[in-house]
2 protein chains.
Amino acid sequence: MIRHFSAEDLMDLDSFYRRNLVNCLSGYKSLNLIGTRNQSGRSNLAPFSQVFHIGAAPPLVGILFRPHTVKRDTLENILETKSFTLNHVTPAHYKEAHWTAASWEISEFEGTGLVEEDKGDFFAPFVKGSPVQLGCTLVETQTLQVNQTILLIGSIDHIYVEEKGLRMDGSLDLNILETVTVSGLDEYHVGEKLGRLAYPKPGILPVEI
Amino acid sequence: MIRHFSAEDLMDLDSFYRRNLVNCLSGYKSLNLIGTRNQSGRSNLAPFSQVFHIGAAPPLVGILFRPHTVKRDTLENILETKSFTLNHVTPAHYKEAHWTAASWEISEFEGTGLVEEDKGDFFAPFVKGSPVQLGCTLVETQTLQVNQTILLIGSIDHIYVEEKGLRMDGSLDLNILETVTVSGLDEYHVGEKLGRLAYPKPGILPVEI
């Protein structure tokens, strides 16, 4: 059975129901903890599901920041200091990752027990034990006219990855790294591989590689 | 063991290796087949991993189109006709979904055997059998200064979802719907649920709901 919602149906829905539904529509989302500091050095950590690939040469990453969020420490810290880290989440720490979204009066590291890791002179803190850690620097921001969402672009200046998940061709085995993915607002999953497929050509169904 | 790549290391890497690595860094990505038609009515279908939530009221979706791609039929069709569909992919059809990215001379529906589904007077074609199908209309586009990537925003005008995956609170059970997620350029997975977590509050580790 198929359920249909028109645009009018959607706007008539209870806002909680609509928010749950619309947040699930794109499918599985990436999950990263973003580490920052304010100018006084106080650390902050927050979960984000809207981090995506913007380019490989130079390596660039994009993050969407929704408008009207009461607390936007992460965005303010990045605009102030230009520095942030992205850290994959594993099953061992996905509850703590979710918990960083609470309204902490203290640093989210201190509150949740996730451990702050400094690397060299990089300003923003990394999450100790995360299998993929990226050190990034602000490049530009753009505001979407339609609803004031902010798109922030960063350069990827440092990549730290657990070698067990780094393949010969540069790709990462996210199953081995135990990277967690999120659906909707609050549901967490690991990936179960179906297959890796050959470069697609007309006339020949792609085979597994 | 942790492997470190600096920005300089990255630019010295073989471009194939760098492209594989950087495309994996954000983690798991959503996978949607985008259905369009040109003004003559010829259908087109292409896989996208960069579709994301922009807002729930009104319901908006964003798509990133990379620059310098030889063929951008999907983008051109949307700019011409304003109409597109998003369709989740299941394990039964993930090879055909990947295959739509080949350089077909004919419609990707005809080439891969995926079945075109028209709904009412909606202009763009849906993918028959997809458990989540969205009918969308172009709202605006913006070009990123940094590398000419185009961010396209669409309104979600119709949602068709298999009822077995629609929960009482509006959220979707992507495990039941068998939605596929992609990592890097060519690797496909289904999700395996870890848990759904309560709204986070300071002082209390979030419990499963």
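These notebook entries record what I looked up in a predicted model with chains A and B.

**Conventions.** I number residues from 1 along each chain as its sequence is written, and chains are lettered from A in the order in which they are written. In this predicted model local features need pLDDT of at least 70, side-chain atom pairs count only at pLDDT 80 or more, totals for chains, interfaces and linings use all residues, and side-chain values use heavy atoms, with hydrogens and water left out.

**Interface.** I looked up contacts (heavy atoms within 4.5 Å) and found that 105 residues of chain A touch 105 residues of chain B. The buried area, that is, the accessible area (1.4 Å probe) lost by two parts on being put together and summed over both, is about 9600 Å² here, with carbon and sulfur atoms giving 63%.

**Salt bridges.** With a salt bridge taken as a side-chain nitrogen of Lys or Arg within 4 Å of a carboxyl oxygen of Asp or Glu, I noted eight across the interface of chain A and chain B. One of them joins Lys193(A) to Glu187(B) at 3.9 Å, N to O. On the side of chain A that touches chain B, strand E13 (residues 187-196; strands are DSSP runs of at least two residues) gives the most, with ten residues.

**Strand pairing.** I then followed strand E1 (residues 2-6) of chain A, which pairs in the antiparallel sense with strand E11 (residues 150-162) of chain B over five bridges; pairing requires at least two DSSP bridges between the strands. Phe5(A) stands opposite Ile159(B) in E11(B).

Key. Helix = DSSP H or I, 4+ residues; strand = E, 2+ residues; numbered from the N terminus.
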